[in-house]
Amino acid sequence: MNKDEIYIKECIELAKLGEGRVSPNPLVGSVVLDKDGNVVGRGYHMKYGEAHAEVNALNQAGKKAKDGTIYINLEPCSHFGKTPPCADRVINSGVKRVVVGMVDPNPQVAGEGLKKIQSAGIEIISGVLEGECRKLNEIFIKHITINEPFIAIKTASTIDGKIATKTGSSKWITSQAAREEVQRLRNKYDAILTGSGTVIKDNPGLTCRLENGRNPIRVIVDSELKTSPESKAYNNDGTRIFIAASEKAEGKYPENIEIIRCPLTNERKINLRYLTGELYKKDIKSILVEAGGKLNGAYLKNNLVDKFYFFVAPKILGDNQAYSSIDSFNIENIDQCINLRFDEVKSYPPDLMIEAYI
């Protein structure tokens with residue numbers, strides 16, 4: 001990598017430190033070099049409503065930023081929001097060069113920040129490691145441009161695609177290292193969603209057990225309100241909790257739980273597209289689905305999935321009565337398969353995690 005790529009890469013890694021705390025804002029990191037090329041400031045967007053990355057980096061750099069370079073993985077904002085425009089702060093810092101990874105897709109910015117900086121006589125370099133920068137903020141890009149939440153499905157299966165034996169035994173298919181990565185994902189996404197079957201069978205807490213992590217909002221798809229109010233997922237720990245139920249289902253739950261009444265499909269299942277819209281109205285910009293094969297399959301059938309995290313253990317179950325990670329498709333011709341694009345493959349020994357996109 002060249003020098004600009006090295007520092008944008010560092011911005012990306014800094015930005016990740018804000019996961020779980022900046023939504024619905026993007027993840028942003030920044031590095032400031034003085035006129036001699038020495039790093040004099042680093043910063044990242046630490047919390048929604050607080051100072052942005054470039055402001056934190058410039059505050060650390062102080063007067064040393066004059067005639068230097070600032071690196072940011074995302075274009076500085078040009079509008080007043082929770083904080084003043086970062087473009088103005090960059091201009092006033094006295095830097096001579098600004099290097100960014102990507103233009104901000106927010107219609108309120110969309111290149112205006114860079115134009116403002118360039119009009120002040122500052123050199124602009126844009127599009128450095130743009131692909132990596134876009135992936136970092138794929139959640140932000142979708143909700144700010146399409147006004148829909150980013151939805152990912154996470155599965156943990158044997159190499160032949162089974163998530164549990166026919167008796168329901170599933171603890172543990174994957175290793176401790178893989179399960180720790182799942183906790184990082186829970187910290188990253190706004191909400192975690194599962195079905196009533198998983199709650200009844202496994203009684204999961206659906207919390208984030210990452211040190212200094214943040215519990216995601218919990219969403220249970222339970223059309224008939226048959227899950228027990230005593231389930232761990234309903235513990236009153238200060239986390240917002242929603243149950244998606246049919247309009248006529250009856251059940252009594254603690255006051256900390258909000259019931260979202262949803263229309264049913266012709267198959268008497270929750271209309272997931274309607275539910276997705278209702279969750280977005282409640283400021284949920286990203287959803288991690290950790291469910292059984294039928295609910296995973298329903299999300300896929302409804303074209304609601306953006307991404308998959310396939311955690312795969314080097315184990316073979318080999319039982320056609322076992323539970324599959326994706327279910328309820330009736331495909332007779334191999335050409336009817338849903339095609340995915342594999343992205344990254346990461347190792348969590350002895351397991352692998354495959355990131356894939358539709």
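This is a predicted model: local features need pLDDT of at least 70, side-chain atom pairs count only at pLDDT 80 or more; totals for chains, interfaces and linings use all residues.
**Aromatic pairs, a mixed sheet and its helices**

A search of the whole structure finds 5 aromatic pairs, where rings of Phe, Tyr and Trp (its six-membered ring) count as a pair if their centres lie within 6.5 Å, with planes under 30 degrees apart called stacked, over 60 edge-to-face and the rest tilted. Residues are numbered from 1 along each chain as its sequence is written, and side-chain values use heavy atoms, with hydrogens and water left out.

Let me take two of these pairs. Tyrosine 7 and tyrosine 71 form a tilted aromatic pair, at 5.1 Å centre to centre and with 35° between the planes. Tyrosine 7 lies in helix α1 (residues 3–15) and tyrosine 71 in strand β3, so this pair ties together parts that are 64 residues apart in sequence; helices (H or I, at least four residues) and strands (E, at least two) are DSSP runs, numbered from the N terminus. Both tyrosine 7 and tyrosine 71 are buried, a word that stands for under 20% relative accessible area, with exposed meaning over 50% and partly exposed in between, for a 1.4 Å probe and protein chains only.

The other pair, tyrosine 189 with tyrosine 309, is edge-to-face, at 6.3 Å centre to centre and 90° between the planes. Here the linked parts are 120 residues apart, with tyrosine 189 in the loop between α7 and β8 (191–195) and tyrosine 309 in strand β13 (residues 307–313). Tyrosine 189 is buried, with a relative accessible area of 0%, and tyrosine 309 is buried as well, at 1%.

Turning to the sheet, in what order do the 5 strands of the open sheet run? The order is β2-β1-β3-β4-β5, with mixed pairing, where two strands pair if DSSP finds at least two bridges between them. At the edges are β2 (39–44) and β5 (123–126), each of which pairs on one side only. Direction ignored, neighbouring strands of this sheet are turned by 15° against each other on average.

Within that sheet, strand β3 (residues 69–72) and strand β4 (residues 97–100) pair in the parallel sense over 4 bridges, and isoleucine 70 stands opposite valine 98 in β4. Strands β4 and β5 also run parallel and are joined by 4 bridges, with isoleucine 125 in β5 as the bridge partner of valine 99. The chain crosses from β4 through α4 to β5 in a right-handed β-α-β crossover, meaning that, with the strands pointing away from the viewer, the path from the first strand over the helix to the second runs clockwise. Helix α4 (residues 112–119) lies across β4 and β5, running at about 150° to β5; such angles run from 0 to 180 degrees between N-to-C directions, with axes fitted to C-alpha atoms, for helices over the stretch in contact.

Helix α2 (residues 53–61) has buried residues that include Val55 and Leu58, and its buried residues pack against β1 (29–33), β2, β3 and α3 (86–93), contact being heavy atoms within 4.5 Å. Just after α2, glycine 62 takes a positive phi of about 60°.

Finally, a check on helix geometry: the 13 residues of α7 (residues 176–188) should span 18 Å at 1.5 Å a residue, and the end C-alpha atoms are 19 Å apart, which agrees, the expected span being 1.5 Å times one less than the number of residues.
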